[in-house]
Amino acid sequence: MHTRRSSRSLRTGGILLTAALLVSACSASASTGPSTSATAAAEVTLAALPEATPAALAPYYGQKARWRSCGVPGFQCATLKAPLDYAKPGAGDVRLAVSRKKATGPGKRLGSLFVNPGGPGGSAVGYLQAYAGIGYPAAVRARYDMVAVDPRGVARSEPVECLDGRRMDTYTQTDTTPDDAHETTELVDAYKEFAEACGAHSPGLLRHVSTVETARDMDIVRAVLGDRKLNYVGASYGTFLGATYAGLFPGRVGRLVLDGAMDPSLPARRMNLDQTAGFETAFQSFAKDCVQQPDCPLGGKGTPTAEVGRHLKAFFRKLDAHPIPTGDADGRRLGEALATTGVIAAMYDESSWAQLREALTSAMKDKDGAGLLMLSDSYYERDAGGRYSNLMPANAAVNCLDLPPAYGSPEEVERALPSFEKASPVFGEGLAWASLSCAYWPVRATGEPHRIEARGAAPIVVVGTTRDPATPYRWARALAAQLASARLLTYEGDGHTAYGRGSTCIDSAIDTYLLRGTPPAEGKRCS
């Protein structure tokens, strides 16, 4: 569904798509049953824009970047402008924060390589400066200027704002598994308060933070930097952004890597359900590993995965009734909502499993919720001073604009609960209720599910991980099938995204593509 950032997200660039009160997919139908419009993939195809730049946009494409020091050694920063509304270019601008680290050499410069860590709402500039600009393979950094643009509404690019830190604390602790009508009303009121605050703070911007507009912004930056084509590595939601760029500007596609791919043809109800199943798959992998470890608090060797899940669910229920201390300076206790978010956060990378076991042991045996609270805070990008990044507001703003809401009322969610609980006995109930969040958004969605074919584009590499919790592998297969020039690269493993996560096979295939332009062989699989 972050760039405070945990070691997980720094290494992989995988940003969370879904949180306890935050959903990255909002569906194309508000009907109550599993109708075709609510569950089936769309047949509408994203149309390419004319190749010629419209005269009204010429001033934006003709800008000059004025580079300055960022205060981070080796990096430069600039601010560029894009039209707030592409349909009315003269009606105001939005300022875009851009950062780069110039190619170090040796070797011939290959142009700019844009990076985006996902979200939506993750800071691409923060990701570049904290990881990609120093952690990408030396050979890649030698040949490319590493570039990032914070999407409109995100971080340094006129961030969407909603609740202050104290109110965000209350929001993130709201019970997302309501037991009665009173708790359901409290949850709905929390969604409404969040949405109303976003509308009050950012009324004009909220209508213009769609993925299509951000992709068009990237094309302006590409032109200003002097690149004939866009080279790009996007993770998680960044794959949707990159694929959207390819659909709009197929003739300007350079070398595109889409890692942890999303399927743009799905309505949000289907996306939310698929993602719920993805988290269950990841949890089962964790559970199988956990019971083999001597410090697993959920069972010992031979404990069935289903029983491990029941133990965790029972622990969540206890926290729902009796939150436990955390030692937090602001007095927060660990209830079911924060604990669930902490567990979900650890599902993104198997290297977090040991930390999760320790946190669960402390909470379950010692009634100390500090470890799970730390995981939850890292997910939400909350710092020790109680300040949140704008990840959650930006995430909601983009997602609720890109697709209509999955459900329009609590009654619709209640009817959908069995399918979510079947997809994930552990997380299904909470994620079903999270699917309601866009129903109260102050701005109507402007997007809809669609296919992206990008006919005429150069080869595009789509990467999928077989047990990815946030972007299920089927999405990578679906996007690769849509894109006319795609090559699917498969990582057989756990965790969210694949590039830079330890597979020499994956890294070599992507590096070869970026440096030589040679995509991996059709059907290539790595472990």
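A disulfide is a pair of cysteine sulfur atoms within 2.5 Å. The views below come from a predicted model, in which local features need pLDDT of at least 70 and side-chain atom pairs count only at pLDDT 80 or more, while totals for chains, interfaces and linings use all residues. Residues are numbered from 1 along each chain as its sequence is written, and side-chain values use heavy atoms, with hydrogens and water left out.

**View 1. Cysteine 70 meets cysteine 77.** The count by this rule is 5 disulfides, and here is one of them: cysteine 70 is joined to cysteine 77, with 1.8 Å from S to S. The link is right-handed, with 115° about the S-S bond. Are the two partners buried or exposed? Buried means under 20% relative accessible area, exposed over 50%, and partly exposed in between (1.4 Å probe, protein chains only). Cysteine 70 has 24% relative accessibility, so it counts as partly exposed. Cysteine 77, at 12%, counts as buried.

**View 2. Cysteine 162 is linked to cysteine 198.** Their disulfide has an S to S distance of 1.8 Å. The torsion about the S-S bond is about 105°, so this disulfide is right-handed. Cysteine 162 sits in the loop between β7 (144-149) and α6 (165-172), and cysteine 198 in helix α7 (residues 181-201), so the pair ties together parts that are 36 residues apart in sequence. Helices (H or I, at least four residues) and strands (E, at least two) are DSSP runs, numbered from the N terminus. Both cysteine 162 and cysteine 198 are buried.

**View 3. Cysteine 290 pairs with cysteine 296.** The sulfur atoms of this disulfide are 2.1 Å apart. Look along the S-S bond and you will find 105° about it, a right-handed link. Cysteine 290 and cysteine 296 are both buried.

View 4. How far should the 21 residues of α7 span? At 1.5 Å a residue, they should span 30 Å, and the end C-alpha atoms are 30 Å apart, which agrees. (The expected span is 1.5 Å times one less than the number of residues.) The buried residues of α7 include Leu187, Tyr191, Phe194 and Cys198. Among the elements that cover the buried residues are α6, α15 (391-402), α16 (410-423) and α17 (428-434), where contact means heavy atoms within 4.5 Å.
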